[in-house]
Amino acid sequence: MTLKIVASQCTSCSACEAECPNVAIYEKGGTFIINPKKCTECIGHFDSPQCAAVCPVDDTCVIDTSYPRYQPRA
Amino acid sequence: MDASTHHEQQSAGANINVEAVMQEVAEHKGCGTSGGSGKASCGSAAGQGDLPTEIWEKVKNHPCYSEEAHHHYARMHVAVAPACNIQCNYCNRKYDCANESRPGVVSEKLTPEQAAKKVLAVASTIPQMTVLGVAGPGDPLANPEKTFKTFELIAKTAPDIKLCLSTNGLALPDHVDTIAAFNVDHVTITINMVDPEIGAKIYPWVFWKHKRYTGVEAAKLLTDRQLLGLEMLTERGILAKINSVMIPGVNDKHLVEVNKAVKSRGAFLHNIMPLISAPEHGTVFGLTGQRGPTAQELKALQDSCEGEMNMMRHCRQCRADAVGLLGEDRSAEFTTDKIMAMEVDYDLDSRKAYQAKVEIERVAKVAAKEEELTTLAGEMSNIKLLIAVATKGSGLINEHFGHAKEFQVYELSTSGAKFVGHRRVDLYCQGGYGEDEGLDTIIRAINDCHAVFVAKIGGCPKADLIKAGIEPVDQFAHEFIEKSAIAWFKTYLDKVNSGELQHIERGDAEIRQGALIAAA
């Protein structure tokens with residue numbers, strides 16, 4: 001899985017962009033987007049996904065269930 | 001080692017010799033801090049007064065640090081810092097309307113390069129613009145690269161402009177040395193509590209070192225970092241102003257403690273602001289029905305802290321992209337599209353010449369006040385009363401009653417005229433109201449005043465004001481505010497003494513929750 005940003009709730013504050021350890025977040029069309037190929041849910045970096053922890057709007061950076069769970073390499 | 005332990009050690013390390021440092025700073029600045037509650041004699045109130053020249057030079061053209069300067073000099077904020085690292089119950093970042101004015105809100109974000117261009121454009125158009133601040137819309141120090149890049153660009157092209165920033169303080173200790181390196185000599189920290197139990201009611205969370213903290217733990221972290229940051233600024237001789245939001249029933253009584261805590265750590269000026277919590281802003285406090293203070297509650301708290309420290313009462317709680325004199329907002333003239341199309345000619349000499357003229361105006365104003373004050377010498381009276389003044393700036397009574405977007409409030413007594421606040425009357429979403437209702441709004445906003453001084457006023461509002469017990473005064477049109485107010489007060493006292501008039505106390509007034517209409 002990966003995280004995704006609910007575009008209708010994003011305030012475009014950019015706080016998540018700077019916190020992402022994978023540089024997976026970028027701005028497009030006024031809101032921010034997470035690249036699912038780069039997102040690791042912050043596993044191996046931090047205890048919790050940084051984008052969700054710093055986001056000022058609750059339930060805006062959420063798990064995208066359409067992707068399989070991220071598997072850290074052994 | 002967990003984050004909070006680490007933090008405490010950091011705090012303790014920096015705490016060692018704050019008192020000694022404070023004394024040194026005090027001696028250095030020439031402001032006394034010793035002697036119990038003797039307040040530092042550095043002032044925001046009137047002119048230089050007993051202010052040491054070094055400090056006066058730093059604040060005299062800064063509209064947010066000197067009440068007297070705010071009549072003459074303008075500031076601008078550039079919205080280069082959108083990200084924030086804490087959540088406050090009085091803030092909702094989502095809401096942006098060009099007609100709305102309050103902290104945390106902007107119409108468009110800027111890159112540092114756009115911001116630098118905007119500063120030059122504004123400085124060329126408004127020669128009395130002397131101060132550039134980064135105030136958000138998030139926290140400047142949660143966006144350190146953008147904030148400091150902006151300062152770097154502006155320091156290169158417009159070296160005469162003072163730089164300042166306004167922060168929640170969480171990241172402040174990490175950046176104090178950079179702030180000092182950029183010659184930023186004014187920093188504002190918003191401190192709403194020094195008791196984490198109270199803080200937990202104001203801040204749902206803080207984000208620090210890759211972790212979201214909540215509740216009392218979050219508030220403890222925040223207050224420790226804020227006070228540490230303040231001490232570090234003081235050690236480096238950087239002037240610090242403290243902003244506090246007055247939230248009745250949550251931190252209103254506690255702000256007296258905050259005032260003591262920040263004073264003892266060298267803060268220069270304390271600005272207690274009323275909570276803005278209109279439900280339509282969608283803030284937590286707005287939605288839970290948390291009320292803001294009344295005009296009297298705010299003034300009483302400010303008065304009770306004033307014995308300790310200088311209070312700022314002229315804050316307009318402006319937007320993070322405001323432009324112009326405090327109380328006006330010209331940001332709509334300087335949108336990115338417009339500034340990018342502008343030919344900018346930054347002429348330092350003509351700016352200096354303009355500012356020299358402003359200085360002559362200021363000196364004349366102070367002299368006029370001093371002269372009028374001598375007429376009150378020997379007057380004995382306990383009467384203290386408030387008046388409202390319609391002004392466009394320059395310390396003059398130069399606004400028509402019907403055009404006033406705000407009234408400035410002065411307290412008159414035998415010791416003179418003192419600026420104690422302002423009241424907004426021209427408000428967001430007021431278009432649908434009839435004229436009569438508009439007048440009612442104004443009367444409610446200045447209901448605690450005995451008189452309203454205007455350049456001009458129509459017959460109808462005049463009659464209604466008299467009916468409400470507020471005397472409309474238009475015989476001092478285009479004269480200096482303080483001089484006129486003292487002259488009027490002298491006549492008022494004479495009338496009371498002769499029995500021609502009975503002095504009656506006025507009631508409370510409303511602090512409006514809306515905002516100034518931005519469009520000029």
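These legends describe close-up views of a predicted model.

**View 1. Strand E14 of chain B, an enclosed strand.**
E14(B) covers residues 449-453. Five of its five residues are buried, so the strand is largely enclosed by the rest of the structure. A residue counts as buried when 20 or more other C-beta atoms lie within 10 Å of its own.

**View 2. E14(B) pairs with strand E11 of chain B.**
E11(B) spans residues 385-389. The two strands run in the parallel sense, and four bridges link them. Look for B:Ile387, which stands opposite B:Ala451 in E14(B).

**View 3. E14(B) also pairs with strand E15 of chain B.**
E15(B) consists of residues 471-473. This pairing is parallel too, over three bridges. Here B:Val452 stands opposite B:Pro472 in E15(B). To get from E14(B) to E15(B), the chain passes through helix H15, residues 459-467 of chain B. This β-α-β crossover is right-handed.

**View 4. B:Phe285, a buried residue in helix H10 of chain B.**
Helix H10(B) is made of residues 284-288. B:Phe285 has 25 C-beta neighbours inside 10 Å, so it counts as buried. Leaving out residues up to four places away in sequence, B:Phe285 touches B:Asn89, B:Tyr90, B:Leu275, B:Ser277 and B:Gln290. B:Cys88 is 197 residues away from B:Phe285 along the chain, yet their C-alpha atoms are separated by 9.4 Å.

**View 5. The contact between chain B and chain A.**
Chain B brings twelve residues to the contact, and chain A brings 13 residues. On the chain B side, five residues are nonpolar, three are polar and four are charged.

Technical notes: Residues are numbered from 1 along each chain as its sequence is written. Chains are lettered from A and ligands numbered from 1 in the order in which they are written. This is a predicted model: local features need pLDDT of at least 70, side-chain atom pairs count only at pLDDT 80 or more; totals for chains, interfaces and linings use all residues. A residue is buried if 20 or more other C-beta atoms lie within 10 Å of its own, exposed if 12 or fewer, and partly exposed in between; C-beta atoms are placed from the backbone. Two strands pair if DSSP finds at least two bridges between them. A crossover is right-handed if, with the strands pointing away from the viewer, the path from the first strand over the helix to the second runs clockwise. Two residues are in contact if their C-beta atoms, placed from the backbone, lie within 7 Å. Ala, Val, Leu, Ile, Met, Phe, Trp, Tyr, Cys and Pro count as nonpolar, Asp, Glu, Lys and Arg as charged, and the others, Gly among them, as polar.
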